[in-house]
Amino acid sequence: MPTDFELHSAFIELAKNAFAEQAYEPTDAILMASAKNLARLQTPSSAFAHLTPDGNFSDLLKSLAHV
Amino acid sequence: MFELPARMTQLQANIRAGDVSVQDALFAQVNRGRSLNAQFPCVVEELSLTTPLDGPLSGIALAHKDIFQLTDREPGCGVGMGLAQKGVKPAKANLALQQAGASQWATLVMAPHACGATSQNKHFARCINPTDADAAVGGSSSGSAVAVAAGMSYAAMGTDTAGSVRIPAATCGLMGLKTTHGAVSTQGCAPLAPSLDSVGILSRFPQDAREIWAALCPQIPRKLAKQSSNCQLWLPEKGVAPSVSQAIRTWITQLDANVSFIHMDESFDVLNRHAQRVLFYETAQTHHAALKQGSVEPGVQAIGLMGLGLPHSWYQESMHSRPFLLQDFVNQHFSNADFLIVPSLADPVPDWHTVEIGHPSFDRAALFAMHRFMGFVNYLGLPSLNLPIGRDLRGRAICVQVLARPFAEHQLLNFAEQSPFVFWNL
């Protein structure tokens, strides 16, 4: 099990990379807030990762309208 | 002068019957709107009326959120007065209403760039809630809610990315219809997070909202109301004020519907996280340049910076999972039920200053309670209607959201018409 410190560091690293991809240099406070935000927005690993959706989202909405 | 009736559908009937001319009806509505704006300031700009087209909404003068392009006018988006510019075409939603005969007499204030759960906006006078001057007005379609609740416009369009139609409607005791994602074109409407943005309708009465919905989406047939609906109800054990839970429990006993209680705490939590990822990421993309220059509004900055710090792969994962989660959700909640009922605001409508960022009595938890149950609906793309179902001890509205299958807006409005509680007893 990763420690709180390791988890925290991992999110800081993730946020740092994300900011770099957007060519934005965050202050330390913004970086820390973003890391905290990422920790909050974790989701369980996706069961759908290897599935391909049929059509686009709009088509799906239409297909799910009541028959 | 002609005395305007309480309901838009009554005025339509008066016009059809020849009791009042289209011109006199328009004149009366604009005059009333102007006079009420002194008491409940929410107009950004008054527009000159053009001769309306023939249609079911001929003689109806509406006001809408200042987020839509109009002929030769860019919207102010809550940060200014809008910009006259030759060649600008009206947003498709506004065009649809024009083609149904509606006129627009004013644009309405909103949270800056549609990014805020309250009406807080340093660029305009504070919005006053017509139902209770001490009560907060939700955002971001705050002016739309004030105008409708005050009687300045029978209905108003807003937009809803994470509750921006339903929250203001809930604070002002109104119907607030967030439409199915993509059902109404957002072309010509300033974006916030395009995957989540939906056009919505605020009105006092469901019948009036139906007339606007029918004009916006004439291709979707009206449905006859069912005698008795099957509903699922999710009342989370934690995080909803006892007075809100009690009001909902009382209301369902009076409903002509079969109601089954369900638990969906875990799926709600996951959906909400995905919704926030998409909201943060897309808001950052929409306002990328301003965020980098540091010239962005505080509300946009709070969300946009979190979006800049969100890995692209997380956003992709949320967008990839979206259709599968929608399919699961519909199977789970709408296979045997017509509607899913969930709370709107988690707490009673707060006093305005408790949700005003920077005010000494600001309470972060009170602000969170206003939008907690909203974003997941936008992620799923489903239609949802804010429906007043009671009053708290101070007389402020208590509301639920009613969700349905995609494109079931008419059924939602039928359900609202059958609800035993009436907030606007006019």
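Mentor: Over all chains, the count comes to twelve salt bridges, taking a salt bridge as a side-chain nitrogen of Lys or Arg within 4 Å of a carboxyl oxygen of Asp or Glu. Keep in mind that this is a predicted model, where local features need pLDDT of at least 70 and side-chain atom pairs count only at pLDDT 80 or more, while totals for chains, interfaces and linings use all residues. As for bookkeeping, residues are numbered from 1 along each chain as its sequence is written, chains are lettered from A and ligands numbered from 1 in the order in which they are written, and side-chain values use heavy atoms, leaving out hydrogens and water.

The pair to zoom in on is Arg73(B) with Glu45(B), whose closest N and O atoms sit 2.8 Å apart. Strands here are DSSP runs of E with at least two residues, helices are runs of H or I with at least four, and both are numbered from the N terminus.

Across the interface of chain B and chain A, the rule turns up zero salt bridges. What you do get there is eleven residue pairs in polar contact, both partners at pLDDT 80 or more. A polar contact is a pair of N or O atoms within 3.5 Å; within protein, one must be able to donate a hydrogen and the other to accept it, and residues adjacent in sequence count only if both atoms are side-chain atoms. On the chain B side, the elements giving two or more residues are α8 (265-286), α9 (288-293), α10 (298-308), α11 (312-334) and α13 (375-380). Of these, α11(B) supplies the largest share, 13 residues. Sorted by class, that side has 19 nonpolar, twelve polar and seven charged residues. The classes are simple: Ala, Val, Leu, Ile, Met, Phe, Trp, Tyr, Cys and Pro are nonpolar, Asp, Glu, Lys and Arg are charged, and the others, Gly among them, are polar.

With contact meaning heavy atoms within 4.5 Å, 38 residues of chain B and 32 residues of chain A take part. Together the two chains bury about 3,200 Å², with carbon and sulfur atoms giving 68%; buried area is the accessible area (1.4 Å probe) that two parts lose on being put together, summed over both. Within chain B, Arg273(B), Trp314(B) and Phe324(B) lose the most area to chain A, together 17% of what that side buries.

I use a 1 Å grid over the protein atoms alone: a cavity is a set of points where a 1.4 Å probe fits but cannot get out, a pocket is an open set with protein on both sides within 12 Å along at least five of seven lines, and lining residues have an atom within 4 Å of a point. Points are joined across faces, edges and corners, and the volume is the space filled by probe spheres set on them.

The largest pocket has a volume of about 1,400 Å³. Its lining counts 41 residues, with Gly299(B), Ala302(B), Ile303(B), Leu367(B) and His371(B) nearest the centre. The largest share, six residues, is from α10(B). By class, the lining has 21 nonpolar, 14 polar and six charged residues.

The second largest pocket is about 490 Å³.
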